[in-house]
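Thanks for making time this morning. I would like to walk you through one model, so please keep the sequence and the structure in view while I talk.

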Amino acid sequence: MSSFKKRPVFLDITRIRMPVAALVSIAHRLSGVLLFLTIPVVIYFFDLSLRSAQDFAAVNSMLNSVPGKLSMLVVLWALLHHLCAGIRYLLLDLRIGLTRDGARLGAWIVFGAEALALLIIVGMLR
Amino acid sequence: MSGQDASGLRAWMLQRVSAVVLALCFSSMLIAWLMQRPLTYDAWRAWIAHPVVNIASLLFFIALVVHAWVGVRDVVIDYVRSTAVRFVVLVSVATSLLAMLVWAFRILLRVTS
């Protein structure tokens, strides 16, 4: 048992070069937790925006401030990543993109698609 | 607990069914919103009060709470090892999610009345 415990362990996360599918996976979990934490904030703004014209204007000015826009950008990225990576997982369940190269390509497509979607939505909102 | 519950198959299936509902509701509502741009208070309120948008939002929030519950439960089970702490965290998460669902329901009902 003692020799078993002495096996070298290499878990220096700054030196491990992650495959792209691992980055999709980690970001899927991080974005999921972030989205969970933003649910009450989003419902609060949703509630306020539907209360009166004054409250609607207040929400509008909060979201149009620089911190408001930056937060929306982060949440929108989390949402788009979670959605794109989630679609990839559903396809993997259907055995689509399950080979090593297929999984790698799919992971790159996820990052490409979310970047494109983010640019389009931000472009339409400007 | 039956064998089926213990296998986690039900949670696995709920996560995927709710994911599909969320993806469909979110993308269709986002596209409809971007095309119609209800940017004033009256237009925004009327848009949310529209039966299609209202029911889609309701479905969205139900699927959101189910999806968040399964996902957060997985994360908590992965990182919180103590049974007592895990129990307290899971009860708090479940209670908050149910409260948020009721909150969202009330908003959607209020807008239609």
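Helix α5 of chain B, residues 83–112, has 30 residues and reaches 44 Å from its first C-alpha to its last, close to the 44 Å expected at 1.5 Å a residue, where the expected span is 1.5 Å times one less than the number of residues and helices are DSSP runs of H or I, at least four residues, numbered from the N terminus. This is a predicted model, in which local features need pLDDT of at least 70 and side-chain atom pairs count only at pLDDT 80 or more, while totals for chains, interfaces and linings use all residues. Residues are numbered from 1 along each chain as its sequence is written, and chains are lettered from A and ligands numbered from 1 in the order in which they are written.

In α5(B), Ala104(B), Leu108(B) and Val111(B) are buried, meaning that 20 or more other C-beta atoms, placed from the backbone, lie within 10 Å of a residue's own. What covers the buried residues of α5(B) includes α2 of chain A, together with α3 (41–49) and α4 (51–79) of chain B.

Turning to the contact between the chains, 19 residues of chain A are in contact with 17 residues of chain B, contact being C-beta atoms, placed from the backbone, within 7 Å. On the side of chain A that touches chain B, the largest share, ten residues, comes from α2(A).

Finally, leaving aside neighbours within four places in sequence, Ala63(B) is in contact with Ser18(B), Val21(B), Leu22(B) and Cys25(B).

Conventions:
Contact = placed C-beta atoms within 7 Å. Helix = DSSP H or I, 4+ residues; strand = E, 2+ residues; numbered from the N terminus. Buried ≥ 20, exposed ≤ 12 C-beta atoms within 10 Å, placed from the backbone.
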